[in-house]
Amino acid sequence: MVQQITPGPQRIRGIAGSGKTVLLCQKAAYMHWKHPEWDIALVWFTRSLYDLMEKEVNLWLQHFSNRKRQYNRQNSKLKVFHAWGARDRTGLYRTICKAHGIKPFPLDDNIDVPPEKLGGVVLKLLKKLETMEIKPMFDAILIDEGQDLVVRDELKYQDKQPIYWMAWQALRPVDEKNSNQRRLIWAYDEAQSLHALNIPTAKELFGEEYTNLVQGFHPGRIPKSIIMKRCYRTPHSILTAAHAIGMGLLRPEGILSGYTRKKSWENIGYQVTGIFNNGQEITLHRPSKNSPNPIPEIWQKPVLQFKTFETREAKLKALAQNLKYNIEHDGLQPSRNILVVVLGSNRDEATELQDRVALVLMNKGIPIYIPILINKRIPIYIPTARNIDDLERDNKNRDPFWHDQRVTISLIHRAKGNEADMVYVVGFDQIAKNESKIKLRNAIFVALTRARGWAVLSGIGEYPMYEEMRQVIDSGDRFTFTYRRPSRNLSH
């Protein structure tokens, strides 16, 4: 149980499945229960997480109130919403615009990266409000998956990340004598970044003058920074493989993204042997106690499989057969128990593969559901498909990620934050042919760590990265490599 309310800024850093989201929802619910008069915002980026976040908040609110209170979206002073908002659902950006009598700025179609689309309009808002300060509207703002709201340097506002600076200004100071005492709490995992590769430290978010914002303790010995190194969701072998392939630990040409200090690796649950000097041998080992998911011990067989096929047709045929077996023999429900994640080197490539996967599964009689992104086209075949003939009706609400009795097929950005017992990751070849791109490797990490039981990674053809993946799986939870300073240093 949360014992005290954080009296100022706090940073929560953890790995995938460590419980960051649960902790944030717990904190938000506790604040709301303890201070129902407070204006609180629980914020994230992906619309598909509405269901998860509201359910989690409601669960904790009932817990703290001994089941006397439930979360009510309509009249609660705790706002659970995503960062920008839309006509049919408010969000942090739109709420602040409305409070200042400003019409939300149109999104820039020349910007392809969703967080940077938001960052662009927030930047315009900040510039428009330069002659007056943003009025304080909230007593606390909690941001989940904070790495998704970091944009490139060109979109910064006076050396500050625009979305975070907007949130900071919209907060009421806790202490009138110290305006920096504001309840902004953000959680992140730098390895899950699918867009900007900047790490959301206080300095990166707020500039040089706020460098020490989250160092040390608040009154009452409440830490300003929390590091969560245990992963409760993803099985041990899947998590270690995801880290190794995502960072390129066994990449022949050297690591692409990783930590350069022993302490940094220990913070995410690894034991380190060796010194981080170029040319020196390093061994990383992750004890199973830091991944307490019980499935591998119960299953007694590999929970991660890597498969290759000569053709896409052969691969998708095998996928359909596996899904049928999962549903008909393993007792898995199509919705929430099973998830198909589609990878691609770009959105168009991934969407084309997603469409092919959908057609094959539909033709095999497997009911499917595709979560529709904002402004994403609906594939031509969807409205006429017998087993998803009500998708057009569902599409009026773009938030749901799951649909009862249907297997969700999702692109990586939409899948982020969601999880399933069995996860199929399709399109590894799309990454393997561009293996030196850090963001694409991050996508593999995100995809694999959606699994809370089993994961199957597959691709077609043959690429050098496939052999790297095989070595990663064979290495289990211990990786030995020759250290070379990575292109992206995660230590800070």
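Student: What covers the buried residues of H5?
Tutor: This is a predicted model. In it, the cover over the buried residues of H5 includes helices H3 (92-99), H4 (114-128) and H6 (202-206), along with strands E4 (140-143) and E5 (184-188).

Student: And how many residues of H5 are buried?
Tutor: Eight of the eight, so helix H5 (residues 162-169) is largely enclosed by the rest of the structure. Among them are Tyr164, Trp165 and Trp168.

Student: What about glutamine 161, buried or exposed?
Tutor: Glutamine 161 is buried: its relative accessible area is 0%, and the cut-off for buried is under 20%. Its place is in the loop between E4 and H5.

Student: What does the side chain of glutamine 161 reach?
Tutor: The backbone nitrogen of valine 151, at 2.8 Å. Leaving aside residues up to four places away in sequence, glutamine 161 also touches others, including Leu149, Lys156, Asn198 and Glu204.

Student: Switching topic: which strands form the open sheet?
Tutor: There are three, in the order E10-E11-E18, with antiparallel pairing. Strands E10 (271-273) and E18 (478-482) stand at the edges with a single partner strand each, so one side of each has no neighbour in the sheet. From one strand to the next, the twist averages 20°.

Student: How many bridges join E10 to E11?
Tutor: Three bridges link E10 with strand E11 (residues 281-285), and the two run antiparallel.

Student: Which residue in E11 does glutamine 271 stand opposite?
Tutor: Glutamine 271 faces histidine 285 there.

Methods
Residues numbered from 1 in each chain as written. Predicted model: local features only at pLDDT ≥ 70, side-chain atom pairs only at ≥ 80, totals over all residues. Heavy atoms only, no water. Pairing = 2+ DSSP bridges. Helix = DSSP H or I, 4+ residues; strand = E, 2+ residues; numbered from the N terminus. Axes fitted to C-alpha atoms, helices over the stretch in contact; angles between N-to-C directions. Buried < 20%, exposed > 50% of the residue type's maximum accessible area, 1.4 Å probe, protein only. Contact = heavy atoms within 4.5 Å. Polar contact = N/O pair within 3.5 Å; in protein donor to acceptor, adjacent residues only side chain to side chain.
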